[in-house]
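User: Hello! Could you walk me through this structure, one question at a time?

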Amino acid sequence: MQYTATPYGWLLPGKTRVEPRTKELTHDMATSPDPAPQATDLISGGHLVAKALKAEGVDVIYTLCGGHIIDIYDGCVEEGIKVIDVRHEQVAAHAADGHARITGTAGCAVVTAGPGTTDAVTGVANAFRAESPMLLIGGQGALSQHKMGSLQDLPHVDMMAPITKFAATVPGTERAADLVSMAFRECYNGAPGPSFLEIPRDVLDAKVPVEKARIPKAGGYRASTRQGGDPEAIEKLADLLVNAEKPCILLGSQLWTTRGTDAAIDMVRTLNVPAYMNGAGRGTLPPGDPHHFQLSRRYAFNNADVIVIVGTPFDFRMGYGRRLSPDATVVQIDLDYRTVGKNRDIDLGIVGDAGLVLSAVAQAASGRVDNGARGRKSWLEELRAEETKAYDKRLPLLNSTANPIHPYRLVNEINRFLTEDSIYIGDGGDIVTFSGQVVQPKSPGHWMDPGPLGTLGVGVPFVMAAKQARPDKEVVALFGDGAFSLTGWDFETLVRFDLPFVGIVGNNSSMNQIRYGQAAKYGKDRDRVGNTLGDVRYSEFAKMLGGYGEEVRDPADIRPALERARESGKPSLINVWIDPDVYAPGTMNQTMYK
C-alpha cells in the first residue's frame, strides 16, 4: 500500500481523510515498516526529590512511613540516602531540627499526609522559634482527587505557613526537584528556619522525561548568606568597646549557627571583654577560661556600661530586655532586622553574621585596645568575685548527700562526667533549669536544648540526630521523667540503629515546673492537680527495648552508674530518683506565677 506525503499528513489511495503525518517521505508500508520509537528516560517525582536532596548534601532523612510518600524512599535508596524510620512524626521533625543544629546544614523529615503532617507540626514550630533550618516534606492526596475528600486530605500548606519561612505544594512532577531546591534556599533567607513542601500522591508517583525536569546540580551555585554588617556601625561598636570601663557580651545561639566561635574568642580576648553564653552559644569558651563567666550575669547586666547582645532576641529569657541596665549602652547584633530593637530600645543595632561582625569589630579596634582593655582588670576581678560568691553559696547543694537526691547533686555529677567530646542534651522543665546553671559543655556546639518554644520531648530525637551525624562524639542526655515519656518509645529506634548514648532521667514522678506554679497561685492543697506521674522504673524500660539501664537512689551511686552506661556501648537510661519537693531558682522566679 502506497502512502503519499502531503503538507498535512499522509494521504491513503482512494481516501479523502488525511492521516497524522509521521514521515517525511513516501514509502511502501508493506515492505518498509515504521522505525521503532526512540526510548525516553523517565523519572518519577520521588526519585526527583531524592536527587534534589542529594544535591543539597542530605545524607539521611527521618521519617514514618505512609502510602503517600514511599516513592521518596525508593529514590533515597538509589541515591544512597539513609532512611531512619521512627515511631512518631514529631520525632522525625525534631531529629531533622537536631541534625541542622549539629551539622550546620539543613535537616530533612518526610511524613505522610493528614495526621502524619499534623503530628510533625510541633517539631516544625520548635525549629521555627529556634531558627533551625530544616525541610519537612509531607504527602497529600492526588491532585485528580482535589476537594473530593481523599484519604488524609488536609490544607497542610495553610497550616504550615505561619510556622515556616516557606510553604508550598509541588504542582507537577517535573517541578519536584526544583521546589525542593527552592525550599532549601528559603531556609537560609535571613535568620534560618524551616520550610515545608507537600507533594500530591499522583505528582510524586508520576514519571516524566528526565529532560523536562530541572535537577539541581550537586554543589551548584548558591548565593552566600553571610552579611558583614554596616562598616560604620562596626566602627562605632569598636569605639564603644575600646573606651568602655565595664563592658560585657552575651553570645547566643546565632553565634553557633553562623559558626562564628573563633571570631568571638578572638574578639573577647583582644578587647578583654567578659563573656556570657546562652543556648547553642554555650561552650564557645571552655570552663576555666579567664573570659568565661556564668553565675554573675545578672550582676554584670546591672552594672555594665556597654552590653553587647549577640544572636539572642529580647524575649522572655531576657525579661523582654528589662534585665539590662537602663543606664547601659546596649548593642544588638542579629541576622534578622526584625529582631533588632524588638521589645527594648537599643543604642546601636547591627544586622549581620555574628562571626563576620565580631571579626570586623576586633579588626577595627586593632591598635587601640590598650586604651581600655588593660584597665579592665578590676572589672573582671569584680565579676569573678561574684562568680565565686554564687558558687560557694551553692556548693553544699552540689555535693549534697541527701536522699531523695537533690537535683543540684545530680546535675553536678553530670557536669563532672562530661568530656571535651560530650554533646550534652537537656530535655525537661525543672530538672533542665537546674542543669542550665551548672552543666558547662567543654567545646563549642556541644549543647542542645529545646530553644525558646520550650518543647518537651526533643531529647530522644536530638540524641538520634547527634549520634547519627557525629558517631565519633559521646552523647549525654538529661531528661525529666515527664519529658522522656513524650517521645521515649523511639528509644527502640536508637537501639535498632545502634546509636548508643548515656541517658539520665531525673525522676520525681511530677511535672514539677508546673506543680510549683500551681502551689504558688492556688495553694499547697491544689499543687497535685494534673501534674503527678507514676513511679516508673525507666531503667527497666530501657532494658526491655534492648538497652542498658540502672536505678539510682543514693547520690554516691550516680557517677559509677554513669561510667557503666558509658562502658555498655548501648543506648542507656540511668533512672535517678530526685527530691520532688525541691525547685530550681529559675522555676521559682517565673513571672507567670506571680
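Predicted model: local features only at pLDDT ≥ 70, side-chain atom pairs only at ≥ 80, totals over all residues.

User: Thanks! Which residue of E18 stands opposite Tyr 424?

Analyst: Tyr 424 has a bridge partner in E19 too, namely Val 476. In E18, the residue opposite Tyr 424 is Trp 447.

User: What is the strand order of the sheet, and which strands are at its edges?

Analyst: The sheet is open, has 6 strands and is paired in the parallel sense, in the order E18-E17-E19-E20-E22-E21. An edge strand pairs on one side only, and this holds for E18 (447-448) and E21 (548-552). The order is therefore E18-E17-E19-E20-E22-E21, and the edge strands are E18 and E21.

User: Which helix touches E17, E18 and E19, and what angle does its direction make with that of E19?

Analyst: Contact here means heavy atoms within 4.5 Å. Axes are lines fitted to C-alpha atoms, for helices over the stretch in contact, and angles run from 0 to 180 degrees between N-to-C directions. The helix that packs on the sheet against E17, E18 and E19 (474-480) covers residues 459-469; this is H17, and the angle is about 175°.

User: And which helix runs at about 180° to E21?

Analyst: This helix covers residues 558-568 and lies across E17, E19, E20 (502-507), E21 and E22 (572-577). The helix running at about 180° to E21 is H22.

User: Back to E19: how many of its residues are buried?

Analyst: Buried means under 20% relative accessible area, exposed over 50% and partly exposed in between (1.4 Å probe, protein chains only). In a regular strand the side chains alternate between the two faces of the sheet. On one side of E19, Glu 474, Val 476, Leu 478 and Gly 480 are buried, and on the other Val 475, Ala 477 and Phe 479 are. E19 is therefore largely enclosed by the rest of the structure, with a buried count of 7 of the 7 residues.

User: Which residue of E20 stands opposite Phe 479?

Analyst: E19 lies parallel to E17, with 6 bridges between them. E19 is also joined to E20 in parallel, by 5 bridges. The residue of E20 opposite Phe 479 is Val 505.

User: In E10, what is the bridge partner of Gly 139?

Analyst: E10 (residues 194-200) is mostly covered, with 7 of its 7 residues buried. E8 (residues 134-140) pairs with E10 in the parallel sense over 7 bridges, while E9 (residues 166-169) runs parallel to E10 and is joined to it by 4 bridges. For Ala 168 the partner in E10 is Leu 197, and for Gly 139 the partner is Ile 199.

User: How far apart are the axes of H3 and H5?

Analyst: Two packed helices are described by the angle between their axes and the distance between the axes. Angles under 35 degrees count as roughly parallel, over 145 as roughly antiparallel, 65 to 115 as roughly perpendicular and the rest as oblique, so H3 and H5 are roughly parallel to each other. H3 (residues 89-103) and H5 (residues 121-130) pack at an angle of about 25°, and the distance between their axes is 7 Å.

User: Where is the cis peptide bond, and in which loop does Pro 404 lie?

Analyst: The cis bond joins Asn 403 and Pro 404, with omega about 10°. Of the 11 residues of H15 (residues 407-417), 10 are buried, so this helix is largely enclosed by the rest of the structure. Pro 404 lies in the loop between H14 (377-398) and H15.

User: Last one: is Asp 498 buried or exposed?

Analyst: Asp 498 is in the loop between H19 (491-496) and E20. Its phi is positive, about 55°, although Asp 498 is not a glycine. With a relative accessible area of 55%, Asp 498 is exposed.

How values were computed:
Residues numbered from 1 in each chain as written. Heavy atoms only, no water. Pairing = 2+ DSSP bridges. Helix = DSSP H or I, 4+ residues; strand = E, 2+ residues; numbered from the N terminus.
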